[in-house]
Amino acid sequence: MTGLLVLGLGARSATPAADVEAGVSAALVQAGVLPAAITVLATLDRRAAEPGPRVLAERHGWRIVGYTAEELAAVDVPHPSETVARRSGTASVAEAAALLAAGPGASLVLPKRVVGGITVAMALSRN
């Protein structure tokens with residue numbers, strides 16, 4: 001793969017860092033992706049400010065970016081969720097955040113997966 005590989009993350013508020021790490025690690029193993037291949041962790045702005053995602057990003061040297069629910073809601077995704085929309089104000093967090101952070105023309109290389117209550121998706125930039 002060439003280009004920027006972005007990990008999109010969805011999680012409930014105040015999810016402990018160990019749970020975020022376990023869910024993301026399991027999803028990466030399932031996808032056959034090493035943590036070193038990820039460049040950016042993208043999520044909802046409220047989650048990007050929480051310790052769980054921040055600790056994960058720092059541990060792996062990933063840049064972390066957060067988007068508002070409105071920004072995420074504007075992204076067309078293959079697997080929207082009404083449940084997520086009711087809870088967060090957008091029908092997608094992981095897929096939408098990954099696509100936004102990867103930039104124009106990005107594509108999902110891993111549609112959303114839920115592992116241990118953590119939702120993960122990956123997008124690849126065109127660059």
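**Figure 1. Threonine 90 in the loop between H5 and H6.** In this predicted model, threonine 90 is placed in the loop between helices H5 and H6 (helices are DSSP runs of H or I with at least four residues, strands are DSSP runs of E with at least two, and both are numbered from the N terminus). Local features need pLDDT of at least 70 and side-chain atom pairs count only at pLDDT 80 or more, whereas totals for chains, interfaces and linings use all residues. Residues are numbered from 1 along each chain as its sequence is written, and side-chain values use heavy atoms, with hydrogens and water left out. Threonine 90 has a relative accessible area of 1% and is therefore buried (buried, under 20% relative accessible area; exposed, over 50%; partly exposed, in between; 1.4 Å probe, protein chains only). A polar atom of the threonine 90 side chain lies 3.2 Å from the backbone nitrogen of alanine 73. Not counting residues up to four places away in sequence, threonine 90 touches Ala69, Leu72, Ala73, Val84 and Ala85 (contact, heavy atoms within 4.5 Å).

**Figure 2. Serine 92 in the loop between H5 and H6.** Serine 92 is found in the loop between helix H5 (82-88) and H6. Its relative accessibility is 7%, so serine 92 counts as buried. The side chain of serine 92 has a polar atom 3.1 Å from the backbone nitrogen of alanine 96. Leu72, Val77 and Val84 are touched by serine 92, not counting residues up to four places away in sequence. From C-alpha to C-alpha, serine 92 and lysine 112 are 9.3 Å apart in space, and they are 20 residues apart in sequence.

**Figure 3. Glutamate 95 in helix H6.** Glutamate 95 belongs to helix H6 (residues 94-102). This residue is buried yet has no salt bridge (a side-chain nitrogen of Lys or Arg within 4 Å of a carboxyl oxygen of Asp or Glu). The nearest side chain of opposite charge is that of lysine 112, 5.7 Å away (Lys and Arg count as positive, Asp and Glu as negative; His and the chain ends are not counted). The backbone nitrogen of lysine 112, however, lies 3.0 Å from a polar atom of the glutamate 95 side chain. Residues touched by glutamate 95, not counting those up to four places away in sequence, include Val77, Pro78, His79 and Leu108.

Figure 4. Gly52, Pro53, Leu56 and Ala57 are the buried residues of helix H3 (residues 51-60). They cover an arc of only 125° around the axis, and therefore lie on the same side of H3 (the arc is that of the directions from the helix axis to the C-beta atoms). Pro51, Glu58 and Arg59 are exposed on the other side of H3. Among the elements that cover the buried residues of H3 are strand S1 (5-10), helix H1 (17-31) and strand S3 (63-67).

**Figure 5. Salt bridges of the structure.** A search of the whole structure finds 2 salt bridges. In one, the side chains of arginine 59 and glutamate 21 meet at 2.7 Å, N to O. This pair links distant parts of the chain, with arginine 59 in helix H3 and glutamate 21 in helix H1, 38 residues apart. Arginine 59 counts as exposed at 52% relative accessibility, whereas glutamate 21 counts as buried at 16%. A salt bridge also joins the side chains of arginine 47 and glutamate 50 (3.3 Å, N to O); arginine 47 and glutamate 50 are both buried.

Methods. Polar contact = N/O pair within 3.5 Å; in protein donor to acceptor, adjacent residues only side chain to side chain.
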